[in-house]
Amino acid sequence: MNIWKPDPGETLLARSPVSFATGAASRVRGMRWFRDPERNDIQHELTGWPDGPDFTARSVGGATAQKGLRGMAKATGVAVMAMLSAAGGNVSGSSVASTDDGSEFPDDPANEVDDFPVLWGAPMTIARTLPWQLDPGRIDEKHTSTHLIVTDRRLVVVVLPYDKRDFEHIDDEPIWQCPLTDVASVVPRNFKDGDDFSITFADESWCRLKSFRRQKLMRYMAPRRELIPLGQLSPQQQKRVLAFATEVQMPDSVSPNVTRNEGGRFHVEILLPSRLTSAFGATEVSITMDTEGREIDVDDYLPGDF
């Protein structure tokens, strides 16, 4: 076991599996590109990168035909389900996964429908330093995973073995990092499945990543959330945080991460080492409390509490 740990005085905020995103629109489905600001393909210029797949976007006619076939298949499936239901069959569930964050409408058609860059940068920019292991076309995803780690100081990418029979086996190898101050903005990209997000760096280069736990990663990046030391909380709030830490059996090596939500309430989050896995990354336990230290029931959450 070799688990990446922050330096003394540095706080771990989030850790989740991540990779470069993949196109979802008909023309670019299953594809991704690495571009410079003139939209040239630069994957063969990236230092240390092994050869990977070369993609060509489908023609408009081909994409339309493919979309039509998928539509016919979906319609046939719906018809079959309706027939089974009408015949009294016990039909439950759905073959189509959905998320509340997904959208059928692209926010950026040039980069989501016509083209699908996942790395964009001029020479000598931060995005060009990203590791090739983030690319599903270059790494063996059945046996290897990449995690993005967010601390109050930096972003770190680690590569580690992935074994479906043993998610608790962690053997981290750090392969990339950058200061958190180099992150200019983070934007959710909701087209299709709602798992993508983009990071724009201070030098205007950017990347598009995919994580089924993207909200946990984005929460602490930009704008940066101020961590509130326990000593700056009121006595009632401190008492509730310490009681929560006891309830979840927080080890001495870990400290609660306390931040203020948009509505003024406080989010208390604890990342338990016992819940770290190769499949999900660091899993947190959390509560939201008011200014008096009272825990807020999830049914009473305000939009800024989520």
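**Reading sheets and rings**

Tutor: Start with an open sheet of three strands, ordered E11-E12-E13 and paired antiparallel. Strands (E, at least two residues) and helices (H or I, at least four) are DSSP runs, numbered from the N terminus. The model is predicted: local features need pLDDT of at least 70, side-chain atom pairs count only at pLDDT 80 or more, and totals for chains, interfaces and linings use all residues. Residues are numbered from 1 along each chain as its sequence is written, and side-chain values use heavy atoms, leaving out hydrogens and water.

Student: Which strands stand at the edges of this sheet?

Tutor: Strands of a sheet pair through backbone hydrogen bonds, either parallel or antiparallel. Two strands count as paired if DSSP finds at least two bridges between them. Here E11 (257-260) and E13 (284-289) each have a single partner strand, so one side of each lacks a neighbour in the sheet.

Student: By how many degrees are neighbouring strands turned against each other?

Tutor: Axes are lines fitted to C-alpha atoms, for helices over the stretch in contact; angles run from 0 to 180 degrees between N-to-C directions. In this sheet the average turn is 20°, direction ignored.

Student: How many bridges join E12 to E13?

Tutor: Six bridges join E12 (residues 266-271) to E13, and the two run antiparallel. Leu271 stands opposite Glu284 in E13.

Student: Which helix lies across E12 and E13?

Tutor: Helix H4 (residues 235-247) does, running at about 155° to E13. Contact means heavy atoms within 4.5 Å.

Student: Now the rings. How many aromatic pairs are there?

Tutor: Rings of Phe, Tyr and Trp (its six-membered ring) pair if their centres lie within 6.5 Å; planes under 30 degrees apart are stacked, over 60 edge-to-face, the rest tilted. The count is nine aromatic pairs. One of them, Phe20 with Trp49, is tilted, at 6.2 Å centre to centre and 35° between the planes. Phe20 is in strand E2 (residues 19-20), and Trp49 is in the loop between strand E3 (33-35) and helix H1 (60-86), 29 residues apart.

Student: Is Phe20 buried or exposed?

Tutor: Buried means under 20% relative accessible area, exposed over 50%, partly exposed in between (1.4 Å probe, protein chains only). Phe20 has 0%, so Phe20 is buried. Trp49 has 11%, so Trp49 is buried too.

Student: What about Trp120 and Trp206?

Tutor: Trp120 and Trp206 are stacked, 5.5 Å centre to centre with 10° between the planes. Trp120 is in strand E4 (residues 117-120) and Trp206 in strand E10 (residues 206-210), 86 residues apart.
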